[in-house]
Amino acid sequence: MTDVERQLMGRALELARNSLYLSDPNPRVGCVIVRDGSIVAEGWTQAAGSAHAEIHALEQLGRAAQGADVYVTLEPCSHTGRTGPCAEALIDAGVRRVFAAMVDPNPLVAGEGVKRLRQAGIEVHVGLGEEEAATLNPGFLRRMRGGLPWVRVKLGASVDGRTADAGGTSRWITSEAARADVQRWRARSSAVVTGIGTVLADDPALNVRLEGAAFQPLRVVLDSRGRISRQARIFTMPGEVLVVTAAEPASCIDNCLVLAGSERVDLVAVLRALAERRCNEVLVEAGPTLCGAFSRHGLVDEYVIYLAPKLIGAKGLGMFDLGEGATLADAVALEFVEVTPVGPDLRVIARPVPAH
């Protein structure tokens with residue numbers, strides 16, 4: 001591939017980021033259309049049910065796309081959902097070449113888009129910018145390939161790892177800048193998951209308060225014994241709330257998922273149920289019990305931890321309950337992906353080290 005082709009795919013990747021808080025549950029995709037060496041149209045995936053990236057770009061050109069080259073960060077779809085197939089739209093527009101960063105793992109596509117384009121005589125290249133394209137859609141790829149969403153655990157703590165003081169007070173350990181940054185993680189998530197302990201202790205809203213966010217994520221409360229009150233603040237905000245229990249809840253809850261079979265909610269079953277609801281990225285905002293359970297069961301793909309420059313001491317509440325008798329040999333091994341100052345705090349992004 002030439003440097004120019006790499007630059008054009010780089011531009012498509014930049015455009016895909018416009019869909020970060022917009023396109024869920026559809027993947028974030030960018031598209032560039034080029035004629036005679038110049039970009040003549042750009043597009044990105046719009047809100048669900050609206051135009052995909054290719055259509056968004058083609059709408060700016062009409063028949064002027066005849067003979068053009070197209071750079072798109074995901075294989076054009078070949079099936080009809082809430083919108084028509086993008087591969088057919090590109091064929092009808094008479095484009096000459098298509099550069100796709102990666103094949104779409106969706107079983108409804110999975111190479112069929114590329115096949116259809118080639119059958120129509122369009123030159124197709126796949127793989128340019130594949131790694132970068134994949135990082136934009138970790139949840140969509142995980143869901144399509146394995147039937148589970150991408151799970152991200154978010155925590156705010158003092159530099160000595162305490163999420164609350166000895167009296168249980170946790171507002172506010174981290175800064176206003178860190179709390180604003182959390183809104184971006186919520187806004188890109190399909191669902192925000194918490195536990196009944198956090199709801200009873202803090203009565204959080206867990207809604208998105210970010211300008212430009214197109215949707216409210218599903219807010220999920222894991223409540224094994226059905227203790228949640230209909231008056232909880234989480235029910236007063238726009239958007240859908242799902243209560244997951246191991247038995248029928250005592251209070252009248254409109255949207256409840258009962259996962260019977262044990263005293264505690266099965267976390268894998270929860271994640272599979274969320275994937276069936278087309279949830280791509282799940283953000284866990286909870287206390288040490290639930291965060292520890294996700295970690296112990298190897299269900300966390302990424303940790304986002306905000307560390308405030310404060311010391312609370314040993315009597316404060318820790319971040320993860322990993323069970324009794326844990327030794328250094330039992331420790332969850334992580335690798336730091338990024339450490340970034342956010343106001344006076346540090347945002348640490350870490351991922352589990354893959355088992356060998």
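The sulfur of Cys77 lies 3.7 Å from the closest cysteine sulfur, that of Cys86, which is too far for a bond. A disulfide here is a pair of cysteine sulfur atoms within 2.5 Å. Cys77 is also buried, with a relative accessible area of 6%. Buried means under 20% relative accessible area, exposed over 50%, and partly exposed in between, with a 1.4 Å probe and protein chains only.

This is a predicted model: local features need pLDDT of at least 70, side-chain atom pairs count only at pLDDT 80 or more, and totals for chains, interfaces and linings use all residues. Residues are numbered from 1 along each chain as its sequence is written, and side-chain values use heavy atoms, with hydrogens and water left out.

Cys31 is buried as well, at 0% relative accessibility. Its closest cysteine sulfur is in Cys86, 8.6 Å away, too far for a bond. The structure holds zero disulfides.

Now to the helices, which are DSSP runs of H or I with at least four residues, numbered from the N terminus. H3 spans residues 86–93 and H4 spans residues 112–119. They pack at an angle of about 20°, with axes 9 Å apart. That makes H3 roughly parallel to H4, a label for angles under 35 degrees. The crossing of H3 and H4 is right-handed, meaning that the near helix is turned clockwise from the far one by less than a right angle.

Which residues in H3 meet H4? Ala87, Glu88, Leu90 and Ile91 do, against Gly113, Arg116 and Leu117 in H4. Contact means heavy atoms within 4.5 Å. By class, this contact has four nonpolar, one polar and two charged residues.

Definitions and conventions: Axes fitted to C-alpha atoms, helices over the stretch in contact; angles between N-to-C directions. Helix = DSSP H or I, 4+ residues; strand = E, 2+ residues; numbered from the N terminus. Parallel < 35°, antiparallel > 145°, perpendicular 65-115°, else oblique. Nonpolar A, V, L, I, M, F, W, Y, C, P; charged D, E, K, R; others polar.
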